[in-house]
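My entries follow in the order in which I made them.

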Amino acid sequence: MSLISAFRPRSTRSTSLRHRPPARQRRAARRPEHEREGDDDAHSIITPSKHTPKAIRVLRGSISAGGPLRPFRLVKQDIVNLRRRYVSDWTLFNQLVFASAVYVFFTNLLPGITFASDLYVLTGKSWGTIEVVFSTGLCGIIFSLLSIQPLTILGVTGPFSVLAENIYALCEEDFKVPFLPFMAWSLIHAAWLHYVLAIINAHDWTMRYVTTFATEIFSLLNSIIYFHKAIQELERAHDYLSFAAFLYAVMGAVGTMLLAIFLSTAESWRPLFHRYIRMGLAEYAAAISITLFIGLPYIGELADLDKMTLAVSHSFKPTSPDRDKFIVEFWTLPVGWVFAAIIPGIIITILFFFDHEVSSIICTIDRYGTKKPGGFAWDIILLGTTTALCGILGIPPANGLLPQAPLHSESLMHSEFEQRTVVVDGDEKVETHEVKRVYEQRWSSFLHAGAILLFVSPPFMKVLGLTPTSVLAGLFMFMGEQSLSVNPILYRTFYLLTPPSELPPLPASLAKRETPLESNLNPNPNNTNTNTTTTTHNRTNPPSYLPIHLYTLLQIITTVIIFIVTLTRGAPAFPVLIVALVPFRLLVMNRWWPREVLRFVDAWACREGTPEDDEDAAEKGREESCGGVCSDTGDGVGGGVFPARVDEPGMELQDLGDGGSSRYGVDHGREVMDRVEGRGDGRAVESRDAGQDWVELGFRMREDEELGRSVDGR
């Protein structure tokens with residue numbers, strides 16, 4: 001009973017229900033309580049629903065069962081999935097898993113301690129090698145044991161190193177407060193902000209709008225930071241070493257990179273060497289190159305050259321001479337600065353949330369054929385916990401790494417044979433196909449993190465002290481090259497440098513449509529025969545690469561601008577610029593570029609399709625809802641500022657394949673439908689989850705999260 005009806009006479013309150021038809025009463029009884037709350041006073045002139053603001057009604061619907069903001073919805077789903085996959089994650093172990101652990105050990109430890117050398121100088125010795133190693137190993141162990149996505153690799157990242165160095169400068173030069181307590185409170189604030197994001201299912205209403213436009217820029221930014229750090233290491237070597245030693249340092253850095261790249265291609269050396277030798281060289285390429293160039297400076301006459309090696313601790317204690325234990329007295333910070341630390345806490349949260357989600361998504365994309373469900377909300381809670389723990393211990397926090405996370409998945413790729421059911425001329429046939437898939441397990445993450453954690457002990461720390469910084473610079477260049485080599489921006493940049501006659505042909509859907517006015521003004525420009533058969537459609541010109549080139553240039557220029565910001569006093573704000581790319585792509589770029597060009601070069605980062613596909617589906621739904629009598633608003637495809645009109649004559653939107661992203665054409669749409677119906681055409685797997693009782697991730701309006709399956713039992 002509502003509050004208003006409680007103040008009415010009893011007869012008034014009962015009349016509205018007494019005279020209802022029985023069928024209506026039965027329908028009302030089946031409706032949810034919040035929907036029939038106002039039905040008790042149906043004859044009321046003033047009802048509560050009329051006075052409820054629209055924003056409150058929308059919020060109430062969002063937090064109701066199945067709503068996108070329903071608290072703990074994704075957390076419950078992730079916990080159920082974690083329980084169902086956990087045992088199977090530990091039952092798989094083989095030589096490839098061990099080789100992957102060794103590979104990730106080197107590609108995670110050495111870049112981390114290279115960042116440590118930067119942090120040692122630029123944070124006034126507050127953080128050094130032992131702090132970075134301790135953080136990487138500790139957070140890696142926690143995630144390998146408890147996370148729902150063990151393929152994600154954690155470590156101290158380049159963007160956070162840049163952020164921490166600038167926060168230290170602000171604390172020392174402007175704020176006049178101690179760095180470690182202020183950073184501890186910043187990380188504590190970042191922790192509870194992570195919890196809030198996980199509780200309100202932030203993944204569903206944030207990352208679902210992220211496209212590859214932003215992720216490619218972020219990946220390119222990471223590559224540039226790697227190359228920049230390598231140059232910084234060589235600059236320090238130039239200031240510290242003699243000229244001859246500096247020349248050898250440059251040779252060592254370049255040699256480390258080139259040898260690692262060369263050995264990583266060993267699989268293609270066939271028929272040279274035995275297959276297992278080629279496989280071993282490829283899997284341990286980075287380890288072999290690093291070990292070789294660490295040992296070379298200590299052999300023969302090279303041992304007499306000056307060397308610049310890592311500064312390490314000789315006991316298990318912090319690097320700073322002012323500290324004797326791994327606990328920060330964060331409670332001594334003045335209260336005003338405790339609240340001021342919320343601002344960098346928000347910036348760290350934005351960076352970590354975006355970075356970790358992107359790395360988790362990239363290491364589980366369809367290319368790797370993952371079967372088990374990933375998770376985001378539970379891992380964000382875990383990330384917040386490790387972030388606060390690192391702040392209290394006075395060590396830099398770790399989060400998802402790029403490109404180490406996708407490189408981890410690459411190192412676990414193997415071939416499998418699976419059976420697919422295909423339909424040929426109405427007959428179902430079972431065919432065997434070879435597919436590439438990643439080993440989904442926890443051993444490689446656990447072993448590499450455990451090995452890293454061993455290096456906080458004095459004997460292993462002395463081994464790290466033998467590492468020349470030139471080798472670290474070479475490894476940075478190798479990591480930058482590996483990250484850059486899989487970035488689509490690189491290949492589209494090559495197109496910029498390629499003569500138009502040598503460029504591959506573009507899809508016909510990107511062709512510019514010639515208007516009737518243009519056709520009349522230039523009816524026969526080449527004096528060709530005009531008696532050829534014509535159609536009623538507008539004539540099309542060949543597709544142009546110009547909009548694609550401008551799109552690529554925008555990505556490069558944006559990345560350069562963000563990188564320049566990281567070199568200024570405004571560096572702490574650069575994560576905000578990265579996040580701002582998301583609304584910029586969705587709200588601004590569709591006014592500048594033709595829709596079909598954006599459909600061709602961009603896509604959703606976390607789900608199938610493109611923003612333009614969703615717009616087409618929404619428009620089609622509106623047309624169906626109004627029975628085909630809606631006003632004609634045109635073809636719905638904005639021409640943009642850069643002309644490359646899109647539709648080929650006779651091609652309708654539904655011809656692009658309603659079942660999938662139209663950037664792949666009709667075949668892709670059929671492939672998606674085949675997956676749904678359990679069929680395949682030689683490319684589509686019958687079902688990625690066949691034989692697995694996993695709870696699928698994703699937003700569903702009618703989802704029973706506690707049971708992990710849909711309400712209707714499907």
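Entry 1. The model is a predicted one. I began with the lining of the second largest cavity, which consists of Gly140, Phe143, Ser144, Ser147, Gln149, Pro150, Thr152, Ile153, Leu154, Ser445 and His448. I then assigned this lining to secondary structure: α6 (129–146) and α18 (443–454) are the elements that give two or more residues to it. The top contributor to the second largest cavity is α6, with 3 residues.

Entry 2. I asked how the lining of the second largest cavity divides into nonpolar, polar and charged residues. For the volume of the second largest cavity I recorded about 60 Å³.

Entry 3. I turned to the largest cavity, which holds about 110 Å³ of space. I found 14 residues in its lining, and those nearest the centre are Tyr248, Asp306, Lys307, Pro468 and Ser470.

Entry 4. Which helices each supply at least two residues to the lining of the largest cavity? I identified α11 (243–263) and α20 (469–485). The largest share, 3 residues, belongs to α11.

Entry 5. Last, I checked how many cavities of 30 Å³ or more the model contains. I recorded a count of 5.

Definitions and conventions. Residues numbered from 1 in each chain as written. Predicted model: local features only at pLDDT ≥ 70, side-chain atom pairs only at ≥ 80, totals over all residues. Heavy atoms only, no water. 1 Å grid on protein atoms, 1.4 Å probe; cavity = no way out; pocket = protein on both sides within 12 Å on 5 of 7 lines; lining within 4 Å. Points joined across faces, edges and corners; volume = space filled by probe spheres on them. Helix = DSSP H or I, 4+ residues; strand = E, 2+ residues; numbered from the N terminus. Nonpolar A, V, L, I, M, F, W, Y, C, P; charged D, E, K, R; others polar.
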